[in-house]
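Please read the numbered points with the sequence and the model side by side.

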Amino acid sequence: MALATLLNRDELIVVGDALIGWLGWCDHAELVAAARRFRGARGIRRVRAALAEIRPGSRSPGETRLRLALTRRGLPQPALNHDVVVDGRWIACVDLAYPDARVAIEYESDLHRTDDRSFRKDLTRGEHLKDAGWWLLRATSDDVGPGIDALVRRVRRLLDGASAGRHDPRPTRRPASSR
């Protein structure tokens with residue numbers, strides 16, 4: 001509870017996502033139980049507000065911040081670290097996904113730019129997703145900050161296109177006779 005007086009709600013959510021996610025130190029129910037034990041403590045309202053938005057599955061603070069930015073602007077809750085499987089074949093694990101619309105979003109920290117291995121792996125994963133008929137959006141800290149409205153518009157356009165049946169990026173083949 002000491003963090004409740006030092007961190008804002010979003011920072012508490014990032015910590016909570018880490019605790020129940022990549023650190024695996026507890027689960028959501030244990031966080032809720034801990035908050036109940038500190039009823040009336042300073043910052044407890046902020047903790048309760050954060051608990052409502054903590055989700056398992058995030059693997060980085062950037063992913064959590066991206067998820068919060070998207071959902072707070074009216075987009076549906078994305079699947080976190082979603083395995084894309086097509087025809088029984090694993091294609092990739094993506095940071096955030098809207099599987100029904102075949103939209104994947106990858107949060108790219110500076111590591112993805114500065115580490116050659118991560119950079120090449122990211123490029124290959126993106127090509128595999130495209131080959132499987134998925135849209136891939138890459139987001140950076142700028143997209144979560146000043147560029148968030150543009151990113152939300154792009155995601156919303158892809159989700160709306162999918163629900164209207166317009167999202168099918170698979171190549172169409174013309175019959176040999178019409179070529």
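How many salt bridges does a search of the whole structure find? The search finds 8, where a salt bridge is a side-chain nitrogen of Lys or Arg within 4 Å of a carboxyl oxygen of Asp or Glu.

1. Basis of the note. This is a predicted model, in which local features need pLDDT of at least 70 and side-chain atom pairs count only at pLDDT 80 or more, while totals for chains, interfaces and linings use all residues. Residues are numbered from 1 along each chain as its sequence is written, and side-chain values use heavy atoms, with hydrogens and water left out.

2. Confidence. The predictor's confidence in each residue is given as pLDDT, on a scale from 0 to 100. The average for the protein is 87, and 87% of the residues score at least 70. Over residues 170-175 the pLDDT stays under 50, and the model has 2 contacts beyond four places in sequence for this stretch; a contact means heavy atoms within 4.5 Å.

3. Overall architecture. The protein has 8 helices and 4 strands. These are DSSP runs numbered from the N terminus, with helices (H or I) of at least four residues and strands (E) of at least two. Their order from the N terminus is α-α-α-α-β-β-β-α-α-β-α-α. Of the contacts between residues at least 6 apart in sequence, 58% join residues at least 24 apart.

4. Burial. Buried residues account for 40% of the 179 residues in the protein. Here buried means under 20% relative accessible area, exposed means over 50%, and partly exposed lies in between (1.4 Å probe, protein chains only).

5. The largest nonpolar core. A nonpolar core is a set of buried Ala, Val, Leu, Ile, Met, Phe, Trp, Tyr and Cys residues joined through side-chain atoms within 4.5 Å. The largest such core has 20 residues, of which Leu-66, Leu-70, Tyr-98, Val-103, Ile-105 and Val-155 touch the most other members. At least two core residues come from each of helix 4 (61-71), strand 2 (89-98), strand 3 (103-107), strand 4 (135-139) and helix 8 (148-163). Helix 8 gives the most, with 6 residues. Leaving aside residues up to four places away in sequence, the contacts of Tyr-98 include Leu-70, Leu-75, Pro-76, Val-103, Ile-105, Val-155 and Leu-159.

6. The second core and helix 3. A separate core of 15 residues includes Ile-13, Leu-31, Ala-50 and Leu-51. Within helix 3 (residues 44-51), Ile-44, Val-47, Ala-50 and Leu-51 are buried. They lie on the same side of helix 3 because they cover an arc of only 120° around the axis, the arc being that of the directions from the helix axis to the C-beta atoms. The buried residues of helix 3 pack against helix 1 and helix 2 (28-37).

7. Asp-10 and Arg-72 meet through their side chains at 2.6 Å, N to O. Asp-10 belongs to helix 1 (residues 9-20) and Arg-72 to the loop between helix 4 and strand 1 (79-86), 62 residues apart. Asp-10, at 32% relative accessibility, counts as partly exposed, as does Arg-72 at 33%. A second salt bridge joins the side chains of Arg-73 and Asp-149 (3.5 Å, N to O). Arg-73 lies in the loop between helix 4 and strand 1 and Asp-149 in helix 8, so this pair ties together parts that are 76 residues apart in sequence.

8. A salt bridge within one helix, and a network. The closest N and O atoms of Lys-130 and Glu-127 are 3.2 Å apart in their salt bridge. About one helical turn separates these two residues, because they are 3 residues apart in helix 6 (residues 116-131). Elsewhere, salt bridges that share partners join Arg-9, Asp-10, Glu-53 and Arg-72 into one network.

9. Cysteines. The whole structure has 0 disulfides, a disulfide being a pair of cysteine sulfur atoms within 2.5 Å. Cys-26 counts as buried at 18% relative accessibility, and Cys-93 counts as buried at 18%.

10. A buried tryptophan in a loop. Trp-134 is found in the loop between helix 6 and strand 4. With a relative accessible area of 7%, Trp-134 is buried. The C-alpha atoms of Trp-134 and Ala-104 are separated by 6.9 Å, although these residues are 30 residues apart along the chain.
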